[in-house]
Amino acid sequence: MAGHCIIDPFIKSKHNMFALIIGIDDYFNCGKLRGAVSDAKAMKEYLEQVLRVPEDHIRTLFDQNATRNAIIQAFKDLQKDERIEKGNPIVVFYAGHGGELPSPVSWTWWDPKSMIQCLLPQDYDKSCIPPIPDRAVGALIEGIAKAKGDNITVIFDCCHSASMTRGDNDVYVPRTVKLDYTIPDDLDQDIWGDRAGKIHPKFAYHGLQSHVLLAACGEDGCAYEYEGRGRFTAAILETLKNCAIDNITYTEVLEHIHLDQQNPHCEGVNQHRILFDPRVPAGRQVRHSVCIKDGGKCVIGAGWAHGVTYGVEFTLYKQKRSLGVVVVHDAAEIEDFQTTVTTSLRLTDASFAKLTRVGNLPLYPTPGGNLSSVLEEVNRRMDVNGTNAPNFWLVEEAKAAKLEVAIENDLAVLKVLDRRLKRFGLTDLSFRIALERLTHALGAAAHYYWYLDLTKENNLIDTNDGMTVDFYLLQESESEYDEYGMPLLIPVKPGFCRRDPNVETSDVIDFVVDPNGVYGIKITNKTTRDLYLNAFLFNNSSLSIAPYYTQPSASTPKAPLKQNASFIIGYGTAGTAPFAYSLEEGQDVDVGYLKIFFATRPIDLADIVQPSPFSTENARSRIDEGGRKARMNALPLVQPSEPNDTWFTYVIPVVQRRSKMPAV
């Protein structure tokens, strides 16, 4: 296991945590396991001894006590437990066999070939005791979430793929069995109600809003035991014991777990929360891989696609200790996904690198303004903070600048000079801030425009009419439901994305904002390659960058956008929250940019996201319904680049209006 955190001896007691822990080795009618009960006991010990969870807050079901009825009842008891207050942390842990079965005909309205994933209770018997299908588990967890809140952590150390079998030497034992059982149409009807036949198969216990799932592997992967312990449980407990859990997120936990032949996953809208806590950290930088070579050469796993160019800076780390700053000078070799730079630092090893400085911002000073003393103070502050060169410079013509800057009544006035905005009716966009905040605002503006303008001309992929983007207002379906029994959101056609009449090769999203409406996106890939993607909204009215979709948290994620297929964000079975928009009082039009980064390999762009550097911000974020706000996904990548790997971007103006423009 690579990576390490500093031990925090002052971990807050989780006296308000409750847990259900299930471990099954001794199955009644299928292959026995060796380490599931040991895993469950180790998890219980961690909760009691490290987190100091009271013993009477933990319910355990081991072997013969983990029958089908007992497991289902234990989930229901959590929902009804009067000691659990809304928002208290709840942990559900399962170690044992998983399985996969064809879904009943009445459940396959969406896909006749869909499969149902299952947990196996100790008394599973193909003749009389069925497995517990994912839909039942999802409905049970949702019941807990509705009663007790969504601060729920689900840890499953099992797998479902029937193609996985034991090896000849039995060293690695998979936690799955091939099931021989036909699921009846009305199985567990009492749990999910009369809408069961309309719940989409993808809404299993990979529930994306009611809880966070830490899984030993993906749907088609395998979870293994080794020397009497589950490899995933052993790794996750080792990580938790050596981390300050009051300051680590779910996705960051996975960053410290590296298992050969096994690919752990983290799923859930709230996966960027602090572990066992509804808080979300203010921000995060991506950790890029580092390889130190002879001659002072340093190979960093970030390149053009990450915003690297000459003059940017990386800070290298050994665990949490800074080793120094590396500047990407003119002699550096920058590729699409990695950068090789020679440094004078005496290095033998480094854990990771963070991109700590990007871009330069061209500023136009208002004619006749008194800026010299202010800019000198900005430069001085940047030097004090350890930055040797400012990330802006003054230009003589407004057309060469991103912002115009002036000083009025001891305030800094920043005016956006993006000429593209004027043709949509946004003619004046200015910010007034205190002088002491100017350094921060200019740094944020440099970051904003650097990534907004980041592009690649030659991408090795014929994207001419190869990508289409549709943007829709959404409405509730009358016949299709999600895992909670709530109507699925479906698009209202036609959409709002159309060819920009002023730029023949570009699209524009132009719509009248429905203050009560929610919106979603469909991206269609007509190229010859499967693609990874990251999507962001660049908000000109706040200089914030909001994540609309970032890559899932898995060490080897699959490309979500298949060739000749579509990918949906915000509706249907996507499992991601829809978008909401609003205009501030007195504002008739606003313009943002939807920017989508496509790549033929995974690329972590989580640190593109930034909040507004100003005190207020337009409401331009994911809809937050009942506390379920979409968060960015992130995971450091160490995957080497292939010769034909490439990337490209799409930028689409998003024009939001209070009323329809009059016909010309």
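## Around Ile21

Beyond its neighbours within four places in sequence, Ile21 is in contact with Ala40, Met43, Lys44, Leu47, Ile58, Arg59, Thr60, Leu61, Phe62 and Phe93. Contact means heavy atoms within 4.5 Å.

This is a predicted model: local features need pLDDT of at least 70, side-chain atom pairs count only at pLDDT 80 or more, and totals for chains, interfaces and linings use all residues. Residues are numbered from 1 along each chain as its sequence is written, and side-chain values use heavy atoms, with hydrogens and water left out.

The largest nonpolar core holds 86 residues. Ile21, Leu47, Tyr94 and Phe232 have the most contacts inside it. Helix H1 gives this core its largest share, seven residues. A separate second core has 61 residues, including Leu347, Leu363, Phe424 and Ile603.

A nonpolar core is a set of buried Ala, Val, Leu, Ile, Met, Phe, Trp, Tyr and Cys residues joined through side-chain atoms within 4.5 Å. Buried means under 20% relative accessible area (1.4 Å probe, protein chains only).

## H1 against H5

Helices are DSSP runs (H or I, at least four residues), numbered from the N terminus. H1 (residues 36-50) packs on H5 (residues 231-241) at about 15 degrees, with the axes 10 Å apart. That makes the pair roughly parallel (angles under 35 degrees). Axes are lines fitted to C-alpha atoms over the stretch in contact, and angles run from 0 to 180 degrees between N-to-C directions.

H1 contributes Asp39, Ala42, Met43 and Tyr46 to the contact. H5 contributes Thr233, Leu237, Leu240 and Lys241.

## H5 inside the structure

Eight of the 11 residues of H5 are buried, so H5 is largely enclosed by the rest of the structure. Among them are Phe232, Ile236 and Leu240.

Note on methods
Helices (H or I, at least four residues) and strands (E, at least two) are DSSP runs, numbered from the N terminus. Angles under 35 degrees count as roughly parallel, over 145 as roughly antiparallel, 65 to 115 as roughly perpendicular and the rest as oblique. Buried means under 20% relative accessible area, exposed over 50%, partly exposed in between (1.4 Å probe, protein chains only).
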